[in-house]
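This report goes through one structure by topic: secondary structure, helix packing, domains and a chain interface.

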Amino acid sequence: MKERPLSLTIYGLSTLLGMMAFLYPFLLPAVQRESIMGRARAQDAPLLLTVLVGVCFVALLLEVQAQAGGAKLVALLGILVSINSILRFVEVAIPGPGGLSPIFFLIVLTGYVYGGGFGFLMGSMTLLVSGLITGSVGPWLPYQMFTAGWIGLSAPMCRPLVNLLGGRGKWPEVVILAVFGAVWGLVFGAIMNIWFWPFAMGPASQHWQPGMGMTDVISRYLAFYVVTSLAWDMTRLVGNVVLILAFGMPTLRALRRFERRFAYTYQPDAQVVL
Amino acid sequence: MILFDHVTYTYPEAPGPALRDISLHLPEAALTLLVGPSGAGKSTLLRCTNGLVPHFSGGSLQGSITVNGLNPVTATPEIMSRHVGFVFQDPEAQFVMNQVEDEIAFALENAAIPPQEMRVRVEEVLDLLDLAPLRQRRLETLSGGERQRVAIAAALAFRPRVLVLDEPTSQLDPKSAEDVLQALVRLNADLGLTVLLAEHRLERVLPFVDQLVSLPGNGHDTLAGPPRQVLPRLELVPPLVALAKRLEWDPLPLTIKEGMSFSRQLRERVVAPEHRPEPARSNGPYLRMRDVKVAYDAQPVVRGVDLDVWPGEIVVLMGRNGSGKTTLLKSLVGLIRPQAGRVKVSGQDISGKDVAHICRQVGYLPQDPNALLFANSVLEELTITLRNHGFETDRPADLPINPETLLDRLGLAEKANCYPRDLSVGERQRVALGAVTVTQPGALLLDEPTRGLDYGAKQALVDLLRGWRDAGMAILLVTHDVEFAAAAADRVALMSQGEIIASGAPAPVLGASPLFAPQVARLFPESGWLTVEDSLKHLS
Amino acid sequence: MIHRLAWVSWVGGTLVVLSTTRNPLYLALTLACIAAVGMRVRSESWAGPASVSPLRFGLVVISLSTLFNALTVHIGRIVLFRLPAWLPLLGGPITLEALVYGFLNGVALTGIFAAFTVLNQALPVRSLVRLVPRAFHQVAVVMSIAVTYVPTTLRQFQQIREAQAIRGHRTRGLRDWIPLFVPLLIGGLERALQLAEAMIARGFASSGERGHDTLTRLVIAQGLLVLLIGWLLRLVWNQRILGLALMLAGSGLVLAALWVIGRRVPHTDYRPEPWTGRDWAVVLGAAVAVAPFLLPLPGLGRETIFYYPYPALTLPGFDPIIGIAILGLTVPALLSRKPSVVSDHQRKLEKLSSDPL
């Protein structure tokens with residue numbers, strides 16, 4: 001069967017390209033230490049990157065969608081996304097340093113129970129729809145969708161570990177998912193920052209200047225990160241952990257209870273049909 | 001048109017078949033009414049006509065089905081959607097788009113119907129269902145009846161020859177239900193559309209029905225035929241039919257008008273109604289409202305209501321939609337705080353007390369009992385409430401009532417360990433009743449408790465409420481269901497525009513009202529009889 | 001109504017201008033164009049006010065960006081003051097150049113945010129949903145469902161809160177939210193099953209297509225590969241032109257696959273949104289505005305675009321022709337308003353019901 005390698009290639013390539021786009025500000029000094037052209041090149045960075053991420057996202061979504069079609073999944077996704085988008089209102093409504101966003105919790109758990117493709121769609125669609133209804137569509141959207149999609153896509157990676165540590169329904173399951181949520185809480189913030197970073201630094205970029213090494217870039221990025229978002233990301237991390245620990249068990253139970261009902265299909269060969 | 005030949009169907013993982021050896025023939029252009037208690041397989045049978053069973057539900061099917069010359073099982077639901085329009089119970093759970101026109105066009109867009117033709121078809125169904133004035137509206141701004149009409153319009157967009165409806169009015173109030181049923185009757189009469197309808201409100205459609213199919217469940221035989229043939233063999237029927245059967249009226253009347261020709265001959269046996277003695281009221285009322293006023297956004301909803309409910313009586317509050325009934329109930333438990341007036345529970349003013357505290361003494365069953373249920377078992381639903389109120393559930397002696405005893409009284413003893421959401425509508429409602437009464441409150445409020453219940457479940461509810469009333473509970477219930485009110489009420493209050501416009505014993509209040517009079521009162525005006533039992537007591 | 005794709009081209013135009021130049025004069029001009037269009041759109045908008053106003057966003061972002069740049073970039077001739085050198089990152093001269101550059105970056109970001117705010121207000125959600133390419137038809141349906149069920153879910157949540165309060169529930173700790181969240185989730189799952197049934201009964205495919213055909217997917221994989229190679233060429237080996245060409249080719253392959261798959265999805269639109277002369281005008285305006293920034297046109301003072309305050313602050317140059325070109329972005333504000341088909345009363349109703357909370 002050649003379906004699977006092809007599928008993996010598309011996942012792999014788009015993920016690699018996406019990661020390169022995200023890490024672009026750090027790659028630049030590493031590969032172009034001797035170049036004088038850096039300044040001109042960096043100019044097109046933000047736009048080029050947005051387009052690039054967009055193309056990767058299109059490729060990935062085409063691949064995922066083909067596996068997650070059909071009325072049951074479309075309806076399920078639609079309703080879960082609308083629940084999750086409402087949770088996003090909570091985020092918008094909480095004043096002060098945000099970051100505490102309840103949306104990741106459901107993305108992690110649905111991806112974990114219903115599979116990576118579903119999780120990917122759940123993540124990216126949640127960001128898209130909540131962006132639509134809170135009126136915050138912007139150039140950051142492809143990045144948010146891509147990253148939130150990755151969260152859902154990677155959630156099934158917890159399964160082997162869970163099976164190793166006692167299996168479904170035991171407490172290690174929720175702890176593993178909480179740790180997973182914690183890691184993504186930080187990574188999501190860091191990635192969204194990297195998107196913002198070239199924009200914030202301007203086109204004739206100072207994130208790379210002739211003679212500036214990778215360590216300088218990273219230390220500047222870290223400063224930028226600490227200033228702009230460490231507080232946000234820490235609350236997100238804590239939020240994810242607390243939500244998964246508190247709600248994980250009952251939510252998993254509810255999702256699993258419906259898992260089979262959504263999976264019923266009719267096999268005509270097994271029946272006596274006149 | 002629709003042909004079932006020895007059809008047996010079993011859901012996946014189910015112990016026994018949901019349909020057992022069903023054979024039916026429904027002719028073209030007929031209006032067929034499908035009746036039977038919940039759980040008898042009505043929904044399953046309907047879903048066989050467009051292939052949802054077994055394509056959506058899985059499971060195994062034997063026998064053959066033919067609809068409009070096609071076999072839905074081999075044709076798949078996608079093809080069947082062109083031949084069978086299907087409307088579901090819940091108007092909230094069948095829409096994809098948020099606007100009337102878009103919703104109707106959704107299926108057409110997906111089927112790549114050319115835009116010109118699409119316009120024509122949308123206009124067509126908008127006119128057929130009188131939706132043209134609403135075409136631009138958002139669905140969430142529509143009433144339940146309007147939404148159900150949109151659902152019918154959407155189902156008709158493909159110009160199917162058959163329209164199948166699964167209890168389309170069970171979530172609606174009587175006025176909306178009537179709109180929907182009238183639209184159906186018109187479609188059937190004017191277009192010759194074959195209609196297959198599962199419905200609890202027999203009295204509204206019976207006069208127009210060509211064919212009545214009864215699925216009694218529990219392995220009994222399916223009955224099918226013209227209403228006058230099938231009705232005499234059914235147990236749970238509208239009061240008019242029940243009375244006619246007992247008095248052996250022939251031919252069986254299906255409308256009040258037909259019934260009048262028989263009842264007129266019995267007029268002389270009508271005696272002036274005896275005066276029911278007012279119950280002795282030793283203590284004060286359990287619930288007392290004085291001059292209560294509530295407004296939303298400066299729009300008055302309740303304007304100065306006085307109401308008392310005494311221990312040991314069932315008060316029924318009636319009135320049209322938006323007359324402030326639900327608001328009144330909510331202000332009794334503190335969910336809504338009145339702008340003016342006083343509310344007393346058991347002699348104590350509730351202002352300043354939180355809802356949880358008030359509900360220790362007043363049980364409240366909301367319209368949608370599903371909103372209450374989330375535990376893993378029926379028994380757990382009860383213990384959660386107890387724990388919410390600070391009871392130690394592991395010390396049975398301290399509890400107001402043993403949860404298992406209460407389940408037994410609710411007829412749920414065997415279901416104690418079931419998942420509440422898997423139960424039938426009536427059972428779920430009783431679980432919710434258990435969850436709000438496990439603290440043994442002195443009063444119980446119920447909001448539209450008959451929604452979605454069949455005749456049997458309604459009767460069970462009346463019996464249960466009467467038992468609690470006799471044990472001294474003060475019960476206040478809001479309902480649109482005239483027959484249920486007639487059966488249950490000790491006292492009736494009519495509400496309109498936020499005021500109570502009439503209040504008193506059921507016979508004078510209900511019997512005289514052209515809108516709220518039950519069937520028996522219509523047959524025997526000024527008799528003071530409301531239910532079949534009332535009339536039989538005097539007539540036989 | 002201006003066509004949704006025309007709006008997209010307008011936003012694209014502003015994005016290109018704002019991310020290419022840091023010349024304060026051009027930036028100010030672009031911001032003025034966006035403001036003009038924004039004011040026009042707001043007076044006709046279906047939606048309520050934006051959740052975060054661009055002014056508030058601008059205030060925060062501009063001050064943050066100015067501060068950060070001034071404190072961390074120690075390049076420039078005009079030294080305002082010096083921070084002690086032992087401070088990591090912050091130590092060193094604080095220059096006016098860095099301050100100005102940080103400020104300009106903040107202004108550009110604010111412009112981008114404002115342009116998208118205009119887009120959000122100009123297009124009703126339905127049009128935004130239709131921006132989703134045909135190939136993602138299922139995704140578009142998911143979006144429609146999600147948007148449709150937001151009010152329902154909110155009402156559901158309110159009912160659950162009341163129902164739990166009735167049985168003595170109080171929200172003190174986090175775990176007290178379980179009785180509120182779990183019924184919402186289960187109710188949603190039940191509703192999703194009912195909705196799926198309703199969709200199938202109306203002819204929506206009950207199972208997904210069994211994946212796209214292998215050829216199309218091969219094309220996608222190849223497109224990604226070409227894109228990767230092109231980018232590496234450009235990035236590592238400095239093959240600017242060849243790299244860009246390969247990147248374009250790769251993206252082209254992926255987009256072609258998208259188009260081919262989209263064509264296979266049978267679908268028609270109930271409300272055709274006609275493309276009119278007005279839409280051409282918007283696109284043309286955006287193209288004119290973008291041209292000096294993307295194309296090496298002769299006779300233009302292109303060096304004024306790449307204004308850069310380092311190493312010493314200078315006055316920005318200004319080419320009137322480029323300035324006039326930027327004004328192409330005001331076209332949506334200039335177009336005459338067509339007599340509305342929808343009555344004012346209807347619009348009021350829509351406005352009332354569009355507020356999700």
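In what order do the elements of chain A run from the N terminus on? They run α-α-α-α-α-α-α-α-α-α-α.

## Chain A overall

The model is predicted. The secondary structure of its chain A consists of 11 helices and zero strands. Chain A has 274 residues, of which 53% are buried. Of the contacts in chain A with a separation of 6 or more, 78% are between residues 24 or more positions apart.

## Helices α6 and α7 of chain A

Two packed helices are described by the angle between their axes and the distance between the axes. For helix α6 (residues 116–133) and helix α7 (residues 141–154) of chain A, the axes come within 6 Å and cross at roughly 150 degrees. An angle over 145 degrees counts as roughly antiparallel, so α6(A) is roughly antiparallel to α7(A). The crossing of the two helices is right-handed.

On the α6(A) side, the contact is made by Gly116(A), Gly119(A), Phe120(A), Met122(A), Gly123(A), Ser124(A), Thr126(A), Leu127(A), Leu128(A) and Gly131(A). Helix α7(A) contributes Leu141(A), Gln144(A), Met145(A), Phe146(A), Ala148(A), Gly149(A), Ile151(A), Gly152(A) and Leu153(A). By class, the residues of this contact are 10 nonpolar and nine polar, with no charged residue among them.

## Domains of chain B

The domain assignment divides chain B into domain 1 (2–235), domain 2 (248–276 + 505–540), domain 3 (285–361 + 443–504) and domain 4 (370–440).

Between domain 1 and domain 3 of chain B, the C-alpha centres are 35 Å apart. Contact between these domains involves eight residues of domain 1 and seven residues of domain 3. The domain 1 side of this contact has two nonpolar, four polar and two charged residues.

## Interface of chains B and C

How many residues of chain B are in contact with chain C? There are 55, and they meet 46 residues of chain C. The elements of chain B that give two or more residues to this side are α2 (52–55), α3 (72–80), α4 (100–110), α5 (115–128), α13 (355–358), α14 (378–388) and α16 (425–437). The largest share, six residues, comes from α4(B).

By class, the side of chain B that touches chain C has 33 nonpolar, 12 polar and 10 charged residues.

How values were computed
Residues are numbered from 1 along each chain as its sequence is written. Chains are lettered from A and ligands numbered from 1 in the order in which they are written. This is a predicted model: local features need pLDDT of at least 70, side-chain atom pairs count only at pLDDT 80 or more; totals for chains, interfaces and linings use all residues. Axes are lines fitted to C-alpha atoms, for helices over the stretch in contact, and angles run from 0 to 180 degrees between N-to-C directions. Helices (H or I, at least four residues) and strands (E, at least two) are DSSP runs, numbered from the N terminus. Angles under 35 degrees count as roughly parallel, over 145 as roughly antiparallel, 65 to 115 as roughly perpendicular and the rest as oblique. A crossing is left-handed if the near helix is turned anticlockwise from the far one by less than a right angle, and right-handed if clockwise. Two residues are in contact if their C-beta atoms, placed from the backbone, lie within 7 Å. Ala, Val, Leu, Ile, Met, Phe, Trp, Tyr, Cys and Pro count as nonpolar, Asp, Glu, Lys and Arg as charged, and the others, Gly among them, as polar. Domain bounds come from an automatic or database domain assignment. A residue is buried if 20 or more other C-beta atoms lie within 10 Å of its own, exposed if 12 or fewer, and partly exposed in between; C-beta atoms are placed from the backbone.
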